[in-house]
Amino acid sequence: MTAQQRPRDRMWSASYDVLIVGAGIAGSALAHALSAAAVRRKRPLRICLLERSLSEPDRIVGELLQPGGILALKKLGLEECLEDIDAIPTYGYCVMLAGSPVHIPYPEGYEGRAFHHGRFIQQLRKKAKEAERVEVVEATVSELIECPLTGRVLGVRATRKEEGAVEKEAFFADLTIVADGCFSNFRNKVLGKAALQGVTKGHFVGMILDDATLPIPKHGTVMLVEGSGPVLSYQIGTHDTRILVDVKHPPPPDLKEHITKNIIPQLPASLHLPALKALSQDRLRRMPNTFLPAIQQGTQHTKEGVLLLGDSWNMRHPLTGGGMTCAFNDVVILHELLLDDVHDLADWAQVKPVLRKWFWRRKPLASTVNILSVALYDLFGADDPLLEVLRTGCFKYFELGGACVREPVSILAGIEQAPFMLFRHFFSVALYSIWVLFTHPRRVGTSADGKAVLRRPRPDEWPLLAVRSMQVFYTACVVFLPLLWTEIRP
Ligand SMILES: Cc1cc2nc3c(=O)[nH]c(=O)nc-3n(C[C@H](O)[C@H](O)[C@H](O)COP(=O)(O)OP(=O)(O)OC[C@H]3O[C@@H](n4cnc5c(N)ncnc54)[C@H](O)[C@@H]3O)c2cc1C
């Protein structure tokens, strides 16, 4: 068969039950899940997974999978994707505040995994390729094909990567699922008038350190630095440790100089040399940190015949490493609903209620992870004195131990799916911060030998502290309640 003949032949066979755009985290997992579970249906599904590049991606995203993500991966029968990629188990978090580590372990019996994103993606794609009736095609999707009369999406046009490929080959399907990631080209088209603009809360700049030792090994590490947002680090291979530096908008003109002068001196000493070496050898990568609330799909504003999945639909701040956990959890719920409730994928009237159910069923996990990620970033990343009171209160709250650590970390880890628990802990932190303001010694100066002088507030300072307490509580509400609203509204 010659290269000229091939595309024409394919035009005859380019019709599927499901088309998935993007073989990343969500797309690959969904292709495998639909194929594996489709034995429950009378007629097995034909699935096409379209990916613009099947080579191993080299990105600074998706490198720490929370325990809740591992649970979802197990439900999808994909846990072996974590093997043979030199993945490192993670047992919780370590937050560095003013040079001292605060240990926040995952609950007993739970662990996460950190790895090179590209290696994990290739494992997921391998499972998708091996799945029955899944065709993985290396092609860039450039447009959605719409019915000229109804506007319903019938498939996509894509250009294969291989030599001799014709421009814009058509792929048709009963249902098209777009999982093309954070820079989605199709988000606005699918959501129409309902589409929201994501809010970019700065960027993460990433590099890999050689043989670096973290303050608590095999723990996700969050380092709070003065005058800048948090620095995140986790070991992603036997010799490799990822470091992500938060950079506010607009980024400094010389990033390397900024990191060398302002960030590295504030990191634990064990990271200084590896970080300087990486800076001198590595190309710095930058990714936007965007918060994009999920919009209900299958309404009168959104397109028929198509739906969004993964980052193309919903994004949260990467500080808490929750993106893949949300994506896998979404795939678990969506594939079950599609297979159990929809007998004919071409019948949009059957798909619509499934999209509504999916939207609400995913909320307990997705909303808690989303809200926590942005609220924590606001707490850890801002230079505001009122947020600083909340930040100090937050660490003192963790020091109380017991449920004050176990429950918040279970939410972060995607183990607990409980928005009310998050609400309770957030406002407990706010009230505890106020208690700390009145009762704990604070720095009032520096002694002759350079040591901090600490003193408890005197009663004559209480009226001023009462005013400050109200401001702190108001700030907590301003951080939390708008986020809560974006997540609970229909
Ligand atoms: C800086 C940063 C760090 C992060 N760290 C973590 C972390 O540690 N843990 C975590 O859980 N989450 C993390 N995330 C979030 C996580 O990476 C995402 O939530 C996750 O990758 C989303 O998966 P996805 O399948 O939606 O998109 P992706 O995994 O990005 O996949 C999209 C796929 O679509 C393909 N594609 C795009 N356009 C086209 C097209 N036109 N035609 C064909 N194919 C196309 C792409 O090539 C890609 O393979 C991080 C995010 C950022 C920004």
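User: What's the helix and strand share of residues 172-440, and how far apart are the end C-alpha atoms?
Analyst: That span is 46% helix and 17% strand, and its end C-alpha atoms lie 65 Å apart. Helices (H or I, at least four residues) and strands (E, at least two) are DSSP runs, numbered from the N terminus. Residues are numbered from 1 along each chain as its sequence is written. Keep in mind that this is a predicted model: local features need pLDDT of at least 70, side-chain atom pairs count only at pLDDT 80 or more, and totals for chains, interfaces and linings use all residues.

User: What UniProt annotation covers 172-440?
Analyst: The unreviewed UniProt entry has "domain: Squalene epoxidase" there. UniProt positions are in the numbering used here, feature names are shortened, and annotations may be inferred rather than shown by experiment.

User: And which residues does the "transmembrane region" annotation cover?
Analyst: According to that unreviewed UniProt entry, residues 18-39, 422-441 and 462-485. In the model, 422-441 is 90% helix and 0% strand, with end C-alpha atoms 28 Å apart. The 462-485 span is 100% helix and 0% strand, and its ends lie 34 Å apart.

User: Switching to the ligand. Which residues come nearest?
Analyst: Gly22, Gly24, Gly181, Gly310 and Gly323, out of 37 residues around the ligand. A residue is near a molecule or strand if its C-beta atom, placed from the backbone, lies within 6 Å of it.

User: Which elements give two or more residues to that shell?
Analyst: Helix H2 (25-37), strands S2 (47-51), S3 (64-65), S8 (134-146) and S15 (285-291), and helix H8 (323-341). H8 has the largest share, with four residues.

User: What's the shell like by class?
Analyst: 17 nonpolar, 15 polar and five charged residues. Ala, Val, Leu, Ile, Met, Phe, Trp, Tyr, Cys and Pro count as nonpolar, Asp, Glu, Lys and Arg as charged, and the others, Gly among them, as polar.

User: Is His239 buried or exposed, and why?
Analyst: His239 is exposed, because it has 12 other C-beta atoms within 10 Å. The cut-offs: 20 or more other C-beta atoms within 10 Å of a residue's own is buried, 12 or fewer is exposed, in between is partly exposed, with C-beta atoms placed from the backbone.

User: Where does His239 lie, and what does His239 touch?
Analyst: His239 is in the loop between strand S13 (231-235) and S14. Leaving out residues up to four places away in sequence, His239 touches Asp210 and Asp211. Ala212 is 27 residues from His239 in sequence and 7.6 Å away in space, C-alpha to C-alpha.

User: Which residues of helix H7 are buried?
Analyst: In H7 (residues 269-281), Leu271, Pro274, Ala275 and Ala278 are buried. Their cover includes strand S11 (199-210) and strand S14 (240-247).

User: Last one: how many helices and strands does the protein chain have, and what percentage of residues count as buried?
Analyst: The protein chain has 14 helices and 18 strands, and 46% of its 490 residues count as buried.

Methods: Two residues are in contact if their C-beta atoms, placed from the backbone, lie within 7 Å.
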